[in-house]
Amino acid sequence: KVRRMGLEMGYDLVMEYIEGDDMGEKALLKSMSLEKKIDVLYQTVKALGFLHYRRFIHMDMKPSNIMVKPDGEVKLIDFGVTVNQGHVPYSVTGTAGYLSPEQIVREYVDESTDMFALGITFLVIFGGHPLRQSPEDLKSKHFRNEAKYHLDSVEQPAVTVFPDLGPVPELAELLAQCTIPRRAKRMANTGALIPRLERIAKDRGIPLNGADD
């Protein structure tokens, strides 16, 4: 609360200052090595797991919500639309291009909701593009019906090609599993992803920040 001369004037919002850049910046992506991007993926998954352990769903995973500090540490940011696990949204919440089918049809959200957006987020970081989900699409009954069908029935990943991951096809396959529309067949949570990431990195000799924690 802000007070002046004993009178309550309103509120100031105090936020953490994080030095560094976000992964939505094209210059940063262009300058970053494949190995470092894989490390950013690993740290992001661990941060998301920390959130999920406390039964929160981020709901807005995208490159610009991943900050990288000068020392290489990753910070997951922007919890403005974060909700409790199992929450049923009243409206479409998140960013077009990264939305899971359940977000589009406003069904309950869980850890796999963030996993879907994680897959699309790193599709972009590894050289691809977001899904085609325009604001106009999200208002379309046909588009919502299609999303409902995908959520109930489609077991093929929404994306399979991660352009920059040609040298590491096993990682591309792993991330593709995050983008399966049918929730029951999707990569369920960070706990299923972390050990497989660690194994890929070990086999490839890629150092991961915090892998020994």
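I count rings of Phe, Tyr and Trp (its six-membered ring) as a pair if their centres lie within 6.5 Å; planes under 30 degrees apart are stacked, over 60 edge-to-face, and the rest tilted. By this rule I get 1 aromatic pair. The partners are Phe122 and Phe126, which are tilted, with 6.0 Å centre to centre and 40° between the planes. I looked up burial too: both Phe122 and Phe126 are buried (under 20% relative accessible area, 1.4 Å probe, protein chains only).

Note on the source: this is a predicted model, where local features need pLDDT of at least 70 and side-chain atom pairs count only at pLDDT 80 or more, while totals for chains, interfaces and linings use all residues. Residues are numbered from 1 along each chain as its sequence is written, and side-chain values use heavy atoms, with hydrogens and water left out.

Next, charges over rings (NZ of Lys or CZ of Arg within 6 Å of the ring centre and within 35 degrees of the ring normal). I find Arg54 over the face of Phe50, 3.8 Å from the ring centre. Arg183 has its charged end over the ring of Tyr108, at 3.9 Å from the centre.

Then the sheet. I take strands (E, at least two residues) and helices (H or I, at least four) as DSSP runs, numbered from the N terminus, and strands pair if DSSP finds at least two bridges between them. The order is β3-β5-β6, 3 strands in an open, antiparallel sheet. β3 (21-22) and β6 (74-76) each have a single partner strand, so one side of each is left without a neighbour in the sheet. β3 pairs with β5 (residues 66-68) over 2 bridges, and Asp21 stands opposite Val68 in β5.

Notes. Buried < 20%, exposed > 50% of the residue type's maximum accessible area, 1.4 Å probe, protein only.
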